[in-house]
Amino acid sequence: MVKKITDTAILNNGVLIPWLGIGLWKVYEEEEVVNTIKSAVQIGYRSIDTAANYKNEESVGKAIKKVDVSRNELFITTKVWNIHQGYESTLNAFEESRKKLDLEYIDLFLIHWPVKGKYKETWKALEKLYKEGFVRAIGVSNFQEHHLQDLLKDCQVKPMVNQVEFHPYLTQKSLHTFCKEHNIQLEAWSPLMKGKVVNIPQIKTLAKKYNKTCAQIVLRWNIQLGVVTIPKSVNKDRIKENADLFDFNLDQIDIDLLNNLNRDYRIGPDPDNFDL
C-alpha cells in the first residue's frame, strides 16, 4: 500500500520513481514555474515533469536551485521533442535540455511521441545517454503496443517508463497489461482530464462516499492500479489537495467501477495519428 507522498515505484533497472509528481505542461512564466515547484516541494512532491516542448526547462532549473531539498531527493523528467528526433539530433537536444535545466544528470529522459521512421534511432541515442550515465532511466511517451513491440525487437535497453494519457475515460487496459508483462512502468498524463473528472456522476458519488474530492478519488485509483501519476496544477491549494491521497484506499468494487467508465476518449492526440 502506498502510504505517503514520498513512496516510490521501482523501475526495471532498480531506479525509484515517486508515485505522484507535478506536471508543468503549459506553465510558461518563470515566476509561475518557480512558485509552482517551490509549493509542490514544500508539500512533499519530489517528482517534476517537464519537456523541451514545454518551453520552461530554464525556469525549472532555476526553481530546483531555490527549493529546500537536495538535488538527489528530486526526480526530474524531460523529453525530446518530435522535430529533434534522430540519433545525433537527439544527443544535441538532450545536451541543450540538460544545460537549460543546469543539471549534471537527468533522472528520466523520454521520447515525447513515436515519430514514424525516427523513434528507433532516437532510442539508440537514449541508450547511449543511459550507458554513459547522463540519465538514470530512459523511456517513451505516448507509445502504443505496436510501437513498443517494434522497439523491443532490437533495443539493447528496455524502456523503463511509458508515459501516456490515462484517465477514467481512457484506461488503455490492453496497453497497461502489455507494459506490466514487460516490466515497463505506466505513467499517467492528464489523469484528471483537464479537470473534467468533476463532471462524471460516478466519481462524484465516490467522492461523497470517501469524503474526498473527485480529483483525489481518481489519483488514488491511478496509484492503486500501479500507475505513476503527474497531475498538473499551478494553484497551491490544488497542488496540496492533489497530494492528500495517502490516508485511504478505494474498495475493489469502486476500482472496478472506475475501470468500467472507459470510453476510449482522448483529450490529446492519437499516437497513431498526430501532427505535432
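I take buried to be under 20% relative accessible area, exposed over 50%, and partly exposed in between, with a 1.4 Å probe and protein chains only.

**Model and conventions.** I am working on a predicted model, in which local features need pLDDT of at least 70, side-chain atom pairs count only at pLDDT 80 or more, and totals for chains, interfaces and linings use all residues. Residues are numbered from 1 along each chain as its sequence is written, and side-chain values use heavy atoms, with hydrogens and water left out.

**Q185.** I looked up Q185 and found a relative accessible area of 11%, so Q185 is buried. Q185 belongs to strand 9; helices (H or I, at least four residues) and strands (E, at least two) are DSSP runs numbered from the N terminus. I count a contact when heavy atoms are within 4.5 Å. Leaving out residues up to four places away in sequence, Q185 touches A9, L11, W19, M160, V161, N162, G226, V227 and V228.

**Helix 6.** I then went to helix 6, residues 173–181, where L175, H176, F178 and C179 are buried. These residues cover an arc of only 160° around the axis, which puts them on the same side of helix 6. The arc is taken from the directions from the helix axis to the C-beta atoms. K173, K180 and E181 are exposed on the other side of helix 6. I noted the packing partners of the buried residues: helix 5 (145–154), strand 8 (161–165) and strand 9 (185–189). Just after the helix, N183 has a positive phi of about 55°.

**Other positive phi values.** I checked K26, a residue other than glycine, and its phi is positive, near 60°. K26 sits in the loop between strand 3 (21–23) and helix 1, and is partly exposed at 45% relative accessibility. M193, also not a glycine, has a positive phi near 55°. Its place is the loop between strand 9 and helix 7 (201–210), and at 2% relative accessibility M193 is buried.

**E30.** I placed E30 in helix 1, residues 30–43. Its relative accessibility is 36%, so E30 counts as partly exposed. Apart from neighbours within four places in sequence, E30 is in contact with S59 and K62. I also took the C-alpha to C-alpha distance from E30 to E95: 21 Å, for 65 residues of sequence separation.

**Nonpolar core.** I define a nonpolar core as a set of buried Ala, Val, Leu, Ile, Met, Phe, Trp, Tyr and Cys residues joined through side-chain atoms within 4.5 Å. The largest has 90 residues, of which I37, I203 and I217 touch the most other members. Helix 8 gives the largest share of this core, seven residues. I listed the contacts of I37 beyond four places in sequence: L24, I48, V60, A63 and V67.

**Largest pocket.** I searched a 1 Å grid over the protein atoms alone; a pocket is an open set of points where a 1.4 Å probe fits, with protein on both sides within 12 Å along at least five of seven lines, and lining residues have an atom within 4 Å of a point. The largest pocket has a volume of about 660 Å³, the volume being the space filled by probe spheres set on the points. It is lined by 34 residues, and W25, W189, S190, K194 and K232 are the closest to its centre. Helix 8 (214–224) and helix 9 (236–242) each supply at least two lining residues, and helix 9 has the largest share, three residues.
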